[in-house]
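Take a walk through one protein model. Keep the sequence and the 3D view side by side as you read.

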Amino acid sequence: KQQASVFLKSFKSSFASQYITIAVIGLILWIRAFIPPVNMPLPDGRDPLYAILYDLLSDFPVFAAILGYFMVLGSAFLLNYIFNKQEIVTKNSSLAAFLFIVLMSYHPVLLTLHPVNIGIFILLLIFKQLFESYHSSESLDLIYAAGFFTGVGSFIYFPFLVFYGFI
């Protein structure tokens, strides 16, 4: 119990040490993606932007895994930024980013540049835009950006089009 308390306290220290810890833990969890590298999933025909990414990166699975790691890490940090900015969690806490990276690193299929990973990153960008528009008197450009990101996300992962209803 005391070790868990020390672990949780470490996620309330400075952001720099928290982010370095999260990146290292994420890298440890993603090490199985690099040896042997996980192949990118085949595009299903409804995802034209992902098909382009697949054509460019499918011959380089290690590079695709590295990009996937940075996409998930960026999503974790963006989620943490949104939570802190909206005061959903206490200040100076990165526990949400830690939980996100652990959960996104669980399934071996997602340990590459997967359309779901890209879609989650875009969804977090949409949430960021919509939360900022809530506090802004001139929010038309933020709502437009959220709609644009929804369109881009649907070209990468077709089921993402469902989120257009949230805007």
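The paragraphs below cover a helix, the salt bridges and a surface patch.

This is a predicted model, where local features need pLDDT of at least 70 and side-chain atom pairs count only at pLDDT 80 or more, while totals for chains, interfaces and linings use all residues. Residues are numbered from 1 along each chain as its sequence is written, and side-chain values use heavy atoms, without hydrogens and water.

Start with helix 2, residues 15-34. Helices here are DSSP runs (H or I, at least four residues), numbered from the N terminus. Helix 2 has 20 residues. From first C-alpha to last it reaches 28 Å, close to the 28 Å expected at 1.5 Å a residue. Its buried residues (under 20% relative accessible area, 1.4 Å probe, protein chains only) are Gln18, Ile22, Gly26, Trp30, Ala33 and Phe34.

Now look for salt bridges. Each is a side-chain nitrogen of Lys or Arg within 4 Å of a carboxyl oxygen of Asp or Glu. The whole structure has two. Asp44 pairs with Arg46, with the closest N and O atoms 3.0 Å apart. Glu132 meets Lys128 at 2.9 Å, N to O. Glu132 and Lys128 are separated by about one helical turn because they sit four residues apart in helix 6 (residues 115-134).

Finish with helix 3, residues 48-57. Leu56 lies in helix 3. Leu56 counts as exposed because its relative accessibility is 55%, and exposed means over 50%.

Conventions: Helices (H or I, at least four residues) and strands (E, at least two) are DSSP runs, numbered from the N terminus. The expected span of a helix is 1.5 Å times one less than its number of residues.
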